[in-house]
Amino acid sequence: GLKPSLSVPAYVEHILESSGLFNLNDDSRWELRRFIVTHGRVERRRAGDTVFREGEKADRFYIVVKGQVLITASGKVLNCLSSGDYFGEIALIQNDCKRTATVACLSSTFLFSITRDRFQRHFLQDSASMARMEIRIAGVHCSLRAIINVQGGLDYLRDFLADATLGVGDAKVRRLRRARAGPKSTFPSPHYSSAQIASFQDAM
């Protein structure tokens with residue numbers, strides 16, 4: 001069974017905190033993380049299941065709680081993500097975006113996810129925080145509206161990009177920084193060689 005050293009909600013919140021992506025400021029970051037955990041869901045996928053396909057409408061953000069997923073685009077392997085990694089964050093802030101890659105499970109996998117509509121409910125009365133969130137996720141690809149809605153928006157964008165270690169703004173699905181600080185989950189995190197990944201791709 002699923003027996004992590006942390007409960008799934010606590011583990012997800014730890015990933016969100018460690019990533020830094022959702023840490024808007026000291027006053028609201030805890031509230032935002034709790035909102036995401038409360039309004040998201042955990043789903044189990046079998047090995048070989050496709051989470052989403054390249055070109056499909058994007059409306060959900062994912063965290064890998066347990067297991068491993070393969071990222072491909074245009075028939076090429078981009079990456080392999082495992083426990084503590086997340087993907088699809090651009091769907092949280094862009095209403096009409098499409099998936100730029102296909103994600104498939106390499107093993108029995110538990111995913112935590114939250115939809116864009118639920119995520120944006122948190123910001124209904126705070127457009128400035130939503131704008132800061134867009135800048136943090138989209139980077140140089142954020143909208144002009146986001147920059148205008150943040151006081152000193154251009155400075156905020158420049159400072160965030162200067163400090164970011166997440167590769168913000170990359171149009172492709174990326175492997176983001178792992179959650180390293182604090183207590184660790186006992187979820188297994190297998191790693192495959194490039195040859196094994198290629199064989200998985202051929203099988204799917």
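Author: The count comes to five aromatic pairs in this predicted model (ring centres of Phe, Tyr or Trp, for Trp the six-membered ring, within 6.5 Å). Take Phe52 and Tyr62. Their ring centres lie 5.9 Å apart, and their planes meet at 45°, so the pair is tilted (under 30 degrees is stacked, over 60 edge-to-face, the rest tilted). Phe52 sits in strand β2, residues 50-52, and Tyr62 in strand β3, residues 60-66. Ten residues separate them, so the pair links distant parts of the chain (strands are DSSP E runs of at least two residues, helices H or I runs of at least four).

Now the helices. The axes of α1 (residues 8-19) and α2 (residues 29-39) come within 10 Å and cross at roughly 135°. From α1, Pro9, Val12, Glu13, Leu16 and Glu17 make the contact (heavy atoms within 4.5 Å).

The chain's pLDDT (0 to 100) averages 77, and 72% of the residues score at least 70. Over residues 165-193 it is below 50.

Residues are numbered from 1 along each chain, and side-chain values use heavy atoms, without hydrogens or water. Local features need pLDDT of at least 70, side-chain atom pairs 80 or more, while totals for chains, interfaces and linings use all residues.

Terms used
Axes fitted to C-alpha atoms, helices over the stretch in contact; angles between N-to-C directions. pLDDT = per-residue confidence, 0-100.
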